[in-house]
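Hello,

Here is the structure we talked about handing over.

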Amino acid sequence: MKILVCYPMKSLAKTYMPVYSDVLVAESAAEFSRLVQLYMPEASVIFSEMFNSPVWEWLPALKAQLPPNSPLIIVPLYRDEKMIEKVAEESGLENVYLLSAHLSQEEIRHQISLILGFMKECADIGSSKEKGLVYALLSYGASGITTFCINYPIILARQQPEKRIVVLDMNDAKPDLSRFFKLQQHQLSLFRPDFIDIQTTAKRNWSNVCKQSAHLPNLYYAHAASKWKSSELSNLISVFRMQFDYVYVDWGYCFPESETLQRLLHTVDRNLLFVRADPFSIDSAREWLYKWRERGVKCEVLLSHLDPGQPFRIGEDVSVYGVVPRISESRLMQSHQSCSVLIEEFFAPKSYISSLKEIAKAQYMDRSAVFC
C-alpha cells in the first residue's frame, strides 16, 4: 500500500508506519499537497502540527484533494483533537480516522496498522454458522450493569468455551467498564468511517480491535461509547452478530430516548432492563416497560440489589429474566477501586456468584432464571 505521510522529519516518519508499507514523506503542508497531485496515494497519514491555519480551513481543503475512497488518518496534538473531531463530524467528511492525542509511537503504529489492514485478518467469524445473540443492558442508573458486565461474561465464557463473547461499553455518560478494563486504546469510535455501510464493516475482523481477556481466549471487550448515528449502530450490531456468538451492549441509562436508543431496542435480540429491588424503581420500570411494549418492543427485567428473603412484585405480565442479590456498597467499592473481579476473589460473595451461574445456565437452556 502506498502511504503519503505529512511529518516534519523523514527519518522519523517511517517509524510510525507499518513495517510492510510503501511510505512517501512530505515535510511541509505545501509539499504534501503537491505529492497528492503527483501520486494519488492509497492512504494518507498527517500530523496536525504540520498545519498553521485553523482546522476548519485546512481539513476540508485537504480531504478534497485526496482520492474519494482514500483513508485519511490524523495524528493530532492534544489541543487540536476535539476541534478536528468536531469539524470532521459537522462537515460530513468520510474515511477520516482520528487517533487519540495520548498514544505512544508504538501505539500509533499499531492503530495505523489496524485501520489500514496490516494486522492479521482471519476468516473466523464465530464458532457457529448461526448468527450470534445481542443483549442490550439498560437501566435508570445504579442498578448493577457494570458489575454484571465485569463478572457475568467470565462465568459464561468458562461454561461455554466454544462460544465467542464480546462486551461493548456504550455508556457514553459513564463508561465505567472501559475504565475498569482499561479499554481506552480499544475504541470502536475510531473506526466510525467503517460503519457507513455493512459491506465495509464486515470486511474487518473486529476481534483484532477488541481487547482479549488474558485468561479466557473466547472473551473480548471494547470501548464503544460515542454519539452513534442509528445507521452506524445497526451496522455495528449486524457485523458483531456475525463475528461473535454473544454480544453484550452496556448501553447504560435508558434516557434520553434518542433515535439511536430506539434503533437499539428494535435491533437487538433481547433487551434487559436492570431494576433495583425497591418499590419506586419497580414502579418506574413497569411504566417504562409498558410504554415500549405499546411500540412493539419487548423488554425483560433483571432485578438487582435484592436482600435475602425480600419479596418483590413487579407484575404478572412482566417478564423477569433473572435476579441478583445485593452486594454491600463497601464491598463493591473495594472491588472497583482495586480493579478486582469479584468472581475471581478468594472470598467471593457466594450468593451473587450463584445467581450469575444460574443465569448462565438458564441462558444455555434458553429460559429465564428467576430464583431467590
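**Aromatic pairs and the ring cluster**

The model is predicted. Searching the whole structure turns up 21 aromatic pairs. Take Phe191 and Trp206: the ring centres are 5.7 Å apart and the planes stand at 85 degrees, so this pair is edge-to-face. What does the pair tie together? Phe191 is in the loop between helix H7 (176-181) and helix H8 (198-202), while Trp206 is in the loop between H8 and strand S8 (211-212), so the contact joins parts 15 residues apart in sequence.

Both partners are covered. Phe191 is buried, at 1% relative accessible area. Trp206 is buried too, with 0% relative accessibility.

The two rings belong to a cluster. Ring pairs link Phe191, Phe195, Trp206, Tyr220, Trp228, Phe240 and Phe244.

**Charges over rings**

Arg204 places its charged end over the Trp206 ring, 5.8 Å from the centre. Another case is Arg295, which lies over the face of Trp292 at 4.3 Å from the ring centre.

**Helix H9**

Phe240, a member of the ring cluster, is also one of the buried residues of H9.

How many residues of H9 are buried? Eleven of the 14 are, so the helix is mostly covered. Among them are Leu233, Leu236, Ile237 and Val239, but also Glu232 and Arg241.

What do these buried residues pack against? Their partners are strand S6 (133-139), strand S7 (165-169), H8, strand S10 (246-253) and helix H10 (259-267).

**Backbone points to check**

Most residues other than glycine have a negative phi, and most peptide bonds are trans.

- The peptide bond from Phe255 to Pro256 is cis, with omega near -5 degrees. Pro256 sits in the loop between S10 and H10.
- Met40 is not a glycine, yet its phi is positive, near 45 degrees. Met40 is in the loop between helix H2 (29-39) and strand S3 (43-47). Its relative accessibility is 41%, which makes Met40 partly exposed.
- His305 also has a positive phi, about 60 degrees, without being a glycine. His305 lies in strand S12 (residues 299-306). Its relative accessibility is 9%, so His305 counts as buried.

Best wishes

Definitions and conventions:
Residues numbered from 1 in each chain as written. Predicted model: local features only at pLDDT ≥ 70, side-chain atom pairs only at ≥ 80, totals over all residues. Heavy atoms only, no water. Phe/Tyr/Trp six-rings, centres within 6.5 Å; stacked < 30°, edge-to-face > 60°. Helix = DSSP H or I, 4+ residues; strand = E, 2+ residues; numbered from the N terminus. Buried < 20%, exposed > 50% of the residue type's maximum accessible area, 1.4 Å probe, protein only. Lys NZ or Arg CZ within 6 Å of the ring centre and 35° of its normal. Contact = heavy atoms within 4.5 Å.
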